[in-house]
Amino acid sequence: LNDQLVANYATLGITALHAWQAEALALDGVLEGGRALVYVAPTSGGKSLVAEVLLLRRLLAGGAQAKALFLVPYKADVAQ
């Protein structure tokens, strides 16, 4: 992610990924969008952050014409 997004996450107290998040994002093809990623973690385990990172990378790579739809299943996630 670019420096501005990293700084934005830092203001929210997110300064590092959990080990499992880093491992999942480091899998071949995941960050480039050429490979699907399925992951499981407990409630509040950081699943949404992984999805956000992937979504933001694709939006940044797509330029001004990029669009995304981020679906969340729970009211608590929507409130965040």
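Trainee: Why does L1 count as partly exposed?

Mentor: L1 has 35% relative accessibility. Buried means under 20% relative accessible area and exposed over 50%, with partly exposed in between (1.4 Å probe, protein chains only), so at 35% L1 counts as partly exposed. Bear in mind that this is a predicted model, where local features need pLDDT of at least 70, side-chain atom pairs count only at pLDDT 80 or more, and totals for chains, interfaces and linings use all residues. Residues are numbered from 1 along each chain as its sequence is written, and side-chain values use heavy atoms, with hydrogens and water left out.

Trainee: What makes S44 count as exposed?

Mentor: S44 comes out at 75% relative accessibility, so it counts as exposed. S44 sits in the loop between α2 and α3, and it has a positive phi of about 65° although it is not a glycine.

Trainee: Why is the pair of W20 and Y39 called tilted?

Mentor: Rings of Phe, Tyr and Trp (its six-membered ring) pair if their centres lie within 6.5 Å; planes under 30 degrees apart are stacked, over 60 edge-to-face, the rest tilted. The W20 and Y39 centres are 5.7 Å apart and the planes are at 40°, so this pair is tilted. W20 belongs to helix α2 (residues 19-26) and Y39 to the loop between α2 and α3 (47-62), 19 residues apart. Helices here are DSSP runs (H or I, at least four residues), numbered from the N terminus.

Trainee: How exposed are W20 and Y39?

Mentor: W20 is at 26%, so it counts as partly exposed. Y39 is at 24%, so it counts as partly exposed too.

Trainee: What makes up the largest nonpolar core?

Mentor: That core has 9 residues: L5, Y9, L25, V30, L49, V50, V53, L54 and L56. A nonpolar core is a set of buried Ala, Val, Leu, Ile, Met, Phe, Trp, Tyr and Cys residues joined through side-chain atoms within 4.5 Å. Helix α3 gives the most, with 5 residues.

Trainee: What is V50 in contact with, leaving aside its neighbours within four places in sequence?

Mentor: V50 touches W20, Q21, L25, L37 and Y39, where contact means heavy atoms within 4.5 Å.

Terms used: Helix = DSSP H or I, 4+ residues; strand = E, 2+ residues; numbered from the N terminus.
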